[in-house]
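Have the viewer open as you read.

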Amino acid sequence: MHELSVVESMMAVVLKHAERNRASKVSRVNLVLGEMSTVMEDPVRFYFELISRDTIAEGAELAFRRTQLIARCPDCGKEFKVEEYDFTCPECGGTDTEIVSGREFQVESIEIN
Amino acid sequence: MEIEVLEGIFDANEIIARENRALLDRLGVFMVNVMSSPGAGKTSMILRTLEDLEDEFSCAVIEGDIAGKVDSERIAERGVQAIQINTGGSCHLEAKQVNTALGRLDLEGADLVVVENVGNLVCPAEFRLGEDLKVMILSVAEGHDKPLKYPLMFSECHVLIVNKIDLIPYTDFDLELFKETVRKMNPSVEIFEVSCRTGEGIQDWTGRLKERVTGRGIDT
């Protein structure tokens, strides 16, 4: 349950970009949340409502785009969806694979007036 | 109007983690981040590890707990510098708290800082502290099914210590199955099987840590 501090960081990112663009209101925050992230949508919404009160982001809609856990094998170049957290390359059996997506929690964009 | 942001929410923590790392590199100090569930044996393992390392290396400990200073007092009793961070309800340590604690430690001539994270298998995995080595401890009593329940922690750690192996005969813990699952998730992880209570396997771990501390600053 670290969503409170995570939402505080998220608010800092949102407000920084809103102020930079002289926004009077943030109407929507578009987020990317990876399958492997430990962050959960519902507590984020709960804390966002709490923390955004009396700020220009109050009442903003939160939209989550979920990304799948995808890894890439540097040996054979295969990109594959990771099932059951087994990172072994299904093509060549390589184990030195790298995560391409699924680990992120990012503010992709904000919609402002 | 839509404004593109593309900023990671953990970026602010990552920046401070990198500052911590740069500070420690300048001072020539190796930092270990120890993570586990409550009761897996973090403090006992740290005490046992210090016992093996303190003759050769100058060590310090940063203790993270929601409340209390029981752990830092246990460490200080050994004559090792210890700083207690109370997170006040927060379930993990962040780079900024470690940055403040590093500032309060006397790191002149220090070789090793051990950070004991808050007991939790979820959140600490998300927050880099600037450590050289992420160590997670799983105790036998927690069961061999934990990797698929807490995938981030098991795939993020560099070292996995299986503690309380003296209890294996009394449980259904399947060590081979456990290791097989973890290696699929994290092929480069180093696994040590130990019992803090009987001392079995401890020197395999502390020997490896000594090598890492001695070789710090050298890319391995």
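In chain A, helix α1 (residues 3–20) and helix α2 (residues 41–51) have axes that come within 9 Å and cross at roughly 60 degrees. That crossing angle makes α1(A) oblique to α2(A), and the crossing is right-handed. From α1(A), the residues Glu3(A), Leu4(A), Val7(A), Glu8(A) and Met11(A) meet Pro43(A), Val44(A), Tyr47(A), Phe48(A) and Ile51(A) of α2(A). By class, this contact has eight nonpolar, no polar and two charged residues.

This is a predicted model, in which local features need pLDDT of at least 70 and side-chain atom pairs count only at pLDDT 80 or more, while totals for chains, interfaces and linings use all residues. Residues are numbered from 1 along each chain as its sequence is written, and chains are lettered from A and ligands numbered from 1 in the order in which they are written.

Chain B has a helix pair of its own, α1 (residues 11–27) and α4 (residues 95–104). The table puts the two pairs together.

| Helix pair | Crossing angle | Axis distance |
|---|---|---|
| α1(A) and α2(A) | roughly 60 degrees | within 9 Å |
| α1(B) and α4(B) | about 30 degrees | 8 Å |

The angle in chain B makes α1(B) roughly parallel to α4(B) (angles under 35 degrees count as roughly parallel, over 145 as roughly antiparallel, 65 to 115 as roughly perpendicular and the rest as oblique). The crossing of α1(B) and α4(B) is left-handed. Among the residues of α1(B) that meet α4(B) are Ile16(B), Ala17(B) and Leu23(B), and the contact has six nonpolar, three polar and two charged residues.

Now look at helix α6 (residues 175–185) of chain B, where Phe178(B), Thr181(B), Val182(B) and Met185(B) are buried. Seen down the axis of α6(B), these buried residues fall within an arc of 95 degrees, so they line one face of the helix. Glu176(B) and Glu180(B) are exposed on the face turned away from the buried side. Here buried means 20 or more other C-beta atoms within 10 Å of the residue's own, and exposed means 12 or fewer. The cover over the buried residues includes α5 (151–156), β7 (159–163) and β8 (190–193) of chain B.

Where do the chains meet? The contact takes 26 residues from chain B and 28 residues from chain A, with two residues in contact if their C-beta atoms, placed from the backbone, lie within 7 Å. On the side of chain B, the elements giving two or more residues are β1 (2–8), α5 and α6. Strand β1(B) gives the largest share, seven residues.

Conventions:
Helix = DSSP H or I, 4+ residues; strand = E, 2+ residues; numbered from the N terminus. Arc of directions from axis to C-beta. Axes fitted to C-alpha atoms, helices over the stretch in contact; angles between N-to-C directions. Left-handed = near helix turned anticlockwise from the far one by under 90°. Nonpolar A, V, L, I, M, F, W, Y, C, P; charged D, E, K, R; others polar.
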